[in-house]
Amino acid sequence: YGRDFRTAPDRGRSGGSEYQDVVAGGGFLQTLPEVDSTRIGLWGGSYGGYLTAHGMVKNPELFKAGVDLHGVHDWSTRWDERPEPGTREDSLYRVALASSPVCCVANMRGPILFIHGDDDRNVDYDETIQLVQLMRRERKPFELIVYPDEVHDFLRWGNWMRTFRASAEFFERTLMAGKQVSFK
(Lines give C-alpha, C1' and ligand atoms only; values in the text may rest on other atoms or scores of the structure.)
Protein backbone atom coordinates (compact mmCIF):
# COMPACT_ATOMS: atom_id res chain seq x y z
CA TYR A 1 0.00 0.00 0.00
CA GLY A 2 2.96 2.32 0.41
CA ARG A 3 4.12 4.91 2.90
CA ASP A 4 0.87 6.96 2.88
CA PHE A 5 -1.08 3.90 4.00
CA ARG A 6 1.53 2.89 6.59
CA THR A 7 1.69 6.41 8.02
CA ALA A 8 -2.00 7.30 7.79
CA PRO A 9 -3.22 10.11 10.05
CA ASP A 10 -4.72 9.16 13.41
CA ARG A 11 -3.40 5.58 13.28
CA GLY A 12 -2.49 3.42 16.26
CA ARG A 13 -2.32 5.30 19.54
CA SER A 14 -3.38 8.50 17.76
CA GLY A 15 -6.88 7.25 17.05
CA GLY A 16 -6.81 3.75 15.54
CA SER A 17 -7.93 4.95 12.09
CA GLU A 18 -6.68 1.75 10.44
CA TYR A 19 -9.49 -0.07 12.19
CA GLN A 20 -11.86 1.47 9.63
CA ASP A 21 -10.50 -1.06 7.11
CA VAL A 22 -11.48 -3.94 9.41
CA VAL A 23 -15.03 -2.63 9.77
CA ALA A 24 -15.27 -2.11 6.00
CA GLY A 25 -14.07 -5.68 5.42
CA GLY A 26 -16.66 -7.02 7.87
CA GLY A 27 -19.36 -4.95 6.21
CA PHE A 28 -18.35 -6.29 2.81
CA LEU A 29 -18.49 -9.88 4.08
CA GLN A 30 -22.04 -9.25 5.30
CA THR A 31 -23.11 -8.49 1.71
CA LEU A 32 -21.94 -11.82 0.31
CA PRO A 33 -24.65 -14.47 -0.08
CA GLU A 34 -22.24 -17.29 0.84
CA VAL A 35 -21.36 -15.65 4.18
CA ASP A 36 -23.48 -16.04 7.28
CA SER A 37 -23.42 -12.42 8.45
CA THR A 38 -24.11 -13.50 12.03
CA ARG A 39 -20.91 -15.58 12.24
CA ILE A 40 -18.02 -13.29 11.33
CA GLY A 41 -14.84 -13.72 13.32
CA LEU A 42 -11.47 -12.02 13.47
CA TRP A 43 -7.99 -13.56 13.70
CA GLY A 44 -4.70 -11.68 13.90
CA GLY A 45 -1.26 -11.49 15.42
CA SER A 46 0.61 -8.55 16.88
CA TYR A 47 -0.97 -5.49 15.21
CA GLY A 48 -3.57 -7.87 13.82
CA GLY A 49 -4.17 -9.03 17.40
CA TYR A 50 -4.77 -5.39 18.32
CA LEU A 51 -7.27 -5.06 15.46
CA THR A 52 -8.95 -8.32 16.49
CA ALA A 53 -9.44 -7.24 20.11
CA HIS A 54 -10.44 -3.75 18.96
CA GLY A 55 -13.10 -5.26 16.67
CA MET A 56 -14.48 -7.35 19.50
CA VAL A 57 -14.94 -4.32 21.78
CA LYS A 58 -15.85 -1.66 19.20
CA ASN A 59 -18.21 -3.63 16.95
CA PRO A 60 -19.56 -6.64 18.86
CA GLU A 61 -22.67 -6.66 16.68
CA LEU A 62 -20.47 -7.40 13.67
CA PHE A 63 -17.63 -9.54 15.02
CA LYS A 64 -18.83 -12.55 17.02
CA ALA A 65 -15.54 -14.26 17.98
CA GLY A 66 -11.85 -13.51 17.77
CA VAL A 67 -8.40 -15.05 18.06
CA ASP A 68 -5.80 -12.57 19.26
CA LEU A 69 -2.14 -13.60 19.04
CA HIS A 70 0.19 -11.40 21.10
CA GLY A 71 -1.82 -8.25 20.40
CA VAL A 72 -1.34 -4.68 21.55
CA HIS A 73 -4.13 -3.91 24.02
CA ASP A 74 -3.22 -0.63 25.69
CA TRP A 75 -1.51 2.18 23.79
CA SER A 76 -1.42 4.27 26.98
CA THR A 77 1.33 2.04 28.40
CA ARG A 78 3.74 3.87 26.09
CA TRP A 79 3.85 6.60 28.79
CA ASP A 80 5.89 5.88 31.91
CA GLU A 81 3.26 7.57 34.04
CA ARG A 82 -0.05 9.33 33.60
CA PRO A 83 0.53 12.88 32.31
CA GLU A 84 -0.56 15.96 34.23
CA PRO A 85 -4.31 16.60 33.60
CA GLY A 86 -5.08 19.39 31.15
CA THR A 87 -1.74 19.15 29.34
CA ARG A 88 -1.17 18.31 25.69
CA GLU A 89 0.45 15.05 26.84
CA ASP A 90 -2.68 14.19 28.85
CA SER A 91 -4.82 14.76 25.77
CA LEU A 92 -2.58 12.43 23.74
CA TYR A 93 -2.70 9.87 26.56
CA ARG A 94 -6.51 9.92 26.61
CA VAL A 95 -6.68 9.46 22.82
CA ALA A 96 -4.24 6.54 23.12
CA LEU A 97 -6.36 4.93 25.83
CA ALA A 98 -9.56 5.41 23.78
CA SER A 99 -7.76 3.80 20.81
CA SER A 100 -7.06 0.68 22.86
CA PRO A 101 -9.15 -2.46 23.40
CA VAL A 102 -8.82 -2.01 27.19
CA CYS A 103 -11.02 1.08 26.92
CA CYS A 104 -14.21 -0.73 26.12
CA VAL A 105 -14.20 -4.27 27.53
CA ALA A 106 -17.74 -3.79 28.83
CA ASN A 107 -18.94 -3.64 25.19
CA MET A 108 -17.59 -7.09 24.28
CA ARG A 109 -20.15 -9.83 23.71
CA GLY A 110 -18.47 -12.66 21.84
CA PRO A 111 -15.69 -14.92 23.05
CA ILE A 112 -12.04 -14.27 22.32
CA LEU A 113 -9.03 -16.57 22.45
CA PHE A 114 -5.76 -14.95 23.53
CA ILE A 115 -2.46 -16.64 22.66
CA HIS A 116 0.79 -15.10 23.91
CA GLY A 117 4.35 -16.13 24.72
CA ASP A 118 5.45 -14.97 28.16
CA ASP A 119 8.91 -13.94 26.89
CA ASP A 120 7.56 -11.62 24.17
CA ARG A 121 9.93 -8.68 23.72
CA ASN A 122 7.87 -6.87 21.07
CA VAL A 123 4.46 -6.69 22.75
CA ASP A 124 4.64 -7.00 26.51
CA TYR A 125 2.89 -10.13 27.78
CA ASP A 126 1.42 -7.94 30.55
CA GLU A 127 -0.85 -6.29 27.95
CA THR A 128 -2.68 -9.59 27.48
CA ILE A 129 -2.77 -10.23 31.23
CA GLN A 130 -4.19 -6.73 31.84
CA LEU A 131 -6.94 -7.28 29.26
CA VAL A 132 -7.72 -10.75 30.64
CA GLN A 133 -8.08 -9.27 34.15
CA LEU A 134 -10.49 -6.63 32.83
CA MET A 135 -12.48 -9.33 31.06
CA ARG A 136 -12.69 -11.41 34.22
CA ARG A 137 -13.95 -8.39 36.13
CA GLU A 138 -16.60 -7.77 33.44
CA ARG A 139 -17.42 -11.50 33.21
CA LYS A 140 -16.65 -11.61 29.49
CA PRO A 141 -15.99 -14.92 27.70
CA PHE A 142 -12.37 -15.64 26.84
CA GLU A 143 -9.82 -18.41 26.62
CA LEU A 144 -6.09 -18.04 27.17
CA ILE A 145 -3.11 -20.02 25.94
CA VAL A 146 0.30 -19.01 27.27
CA TYR A 147 3.52 -20.41 25.84
CA PRO A 148 6.25 -20.40 28.51
CA ASP A 149 9.61 -19.03 27.37
CA GLU A 150 8.23 -18.20 23.91
CA VAL A 151 8.89 -14.94 22.05
CA HIS A 152 6.72 -12.75 19.87
CA ASP A 153 6.93 -14.69 16.62
CA PHE A 154 6.87 -18.13 18.26
CA LEU A 155 10.18 -19.86 17.54
CA ARG A 156 8.88 -23.37 18.10
CA TRP A 157 7.11 -25.07 15.19
CA GLY A 158 4.98 -27.05 17.68
CA ASN A 159 3.60 -23.83 19.16
CA TRP A 160 2.58 -22.58 15.73
CA MET A 161 0.84 -25.89 15.02
CA ARG A 162 -0.92 -25.76 18.40
CA THR A 163 -1.94 -22.15 17.65
CA PHE A 164 -3.47 -23.04 14.28
CA ARG A 165 -5.30 -26.07 15.70
CA ALA A 166 -6.55 -24.13 18.74
CA SER A 167 -7.75 -21.30 16.49
CA ALA A 168 -9.64 -23.65 14.19
CA GLU A 169 -11.21 -25.51 17.12
CA PHE A 170 -12.14 -22.23 18.81
CA PHE A 171 -13.94 -20.96 15.70
CA GLU A 172 -15.63 -24.34 15.23
CA ARG A 173 -17.00 -24.15 18.80
CA THR A 174 -17.92 -20.46 18.80
CA LEU A 175 -18.97 -19.63 15.25
CA MET A 176 -19.92 -22.94 13.69
CA ALA A 177 -21.64 -24.73 16.58
CA GLY A 178 -24.65 -26.55 15.16
CA LYS A 179 -23.97 -25.28 11.63
CA GLN A 180 -23.53 -27.69 8.75
CA VAL A 181 -20.41 -26.76 6.78
CA SER A 182 -20.10 -27.47 3.09
CA PHE A 183 -16.98 -26.70 1.05
CA LYS A 184 -17.41 -26.65 -2.71
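Modeller: First, a term: helices (H or I, at least four residues) and strands (E, at least two) are DSSP runs, numbered from the N terminus. With that, Pro111 falls in the loop between helix 4 (88–98) and strand 3. Keep in mind that this is a predicted model.

Biologist: In what pattern do the helices and strands follow along the sequence?
Modeller: The chain has six helices and four strands. Read along the sequence, they give α-α-β-α-β-α-β-α-β-α.

Biologist: What radius of gyration does the chain have?
Modeller: For 184 residues, the globule rule gives 16 Å. The chain comes close to that, so it is as compact as a globular protein of that length. Its radius of gyration is 17 Å.

Biologist: What share of the contacts with a separation of 6 or more joins residues 24 or more positions apart?
Modeller: Contact here means heavy atoms within 4.5 Å. Among contacts with a separation of 6 or more, residues 24 or more positions apart account for 69%.

Biologist: How far apart are the mean positions of the positive and negative charges?
Modeller: The chain carries 23 positive and 27 negative charges. Their mean positions are separated by 5 Å.

Biologist: Turn to helix 5. What distance separates its end C-alpha atoms?
Modeller: Helix 5 covers residues 125–138, which is 14 residues.

Biologist: Which elements do the buried residues of helix 5 pack against?
Modeller: The buried residues of helix 5 are Tyr125, Glu127, Thr128, Leu131, Val132, Leu134 and Met135. An α-helix has 3.6 residues a turn, so residues three or four places apart point the same way. The buried residues of helix 5 pack against helix 3 (47–58), strand 3 (112–117) and strand 4 (142–147).

Biologist: Is Ser167 buried or exposed?
Modeller: Ser167 sits in helix 6 (residues 157–174). Leaving aside neighbours within four places in sequence, Ser167 touches Trp43, Val67, Leu113 and Ile115. Its relative accessible area is 4%, and buried means under 20%. So Ser167 is buried.

Biologist: And Asp4, buried or exposed?
Modeller: Asp4 belongs to helix 1 (residues 3–6). Its relative accessible area is 69%, and the cut-off for exposed is over 50%. Asp4 is therefore exposed.

Biologist: Back to Pro111. How far is its C-alpha atom from that of Phe142?
Modeller: Leaving aside neighbours within four places in sequence, Pro111 is in contact with several residues, including Met56, Lys64, Pro141 and Phe170. Pro111 and Phe142 are 31 residues apart along the chain. Their C-alpha atoms are separated by 5.1 Å.

Biologist: What relative accessibility does Ser46 have?
Modeller: Ser46 is in the loop between strand 1 (41–45) and helix 3. Its phi is positive, near 65°, in a residue other than glycine. Ser46 counts as partly exposed, with a relative accessibility of 22%.

Biologist: Where is Asp149 placed?
Modeller: Phi of Asp149 is also positive, near 60°. Asp149 is exposed, at 58% relative accessible area. Its place is the loop between strand 4 and helix 6.

Notes
Residues are numbered from 1 along each chain as its sequence is written. This is a predicted model: local features need pLDDT of at least 70, side-chain atom pairs count only at pLDDT 80 or more; totals for chains, interfaces and linings use all residues. Side-chain values use heavy atoms; hydrogens and water are left out. The radius of gyration is taken over C-alpha atoms; the globule rule is 2.2 Å times the number of residues to the power 0.38. Lys and Arg count as positive and Asp and Glu as negative; His and the chain ends are not counted. The place of a charge is taken as NZ of Lys, CZ of Arg, CG of Asp or CD of Glu. The expected span of a helix is 1.5 Å times one less than its number of residues. Buried means under 20% relative accessible area, exposed over 50%, partly exposed in between (1.4 Å probe, protein chains only).
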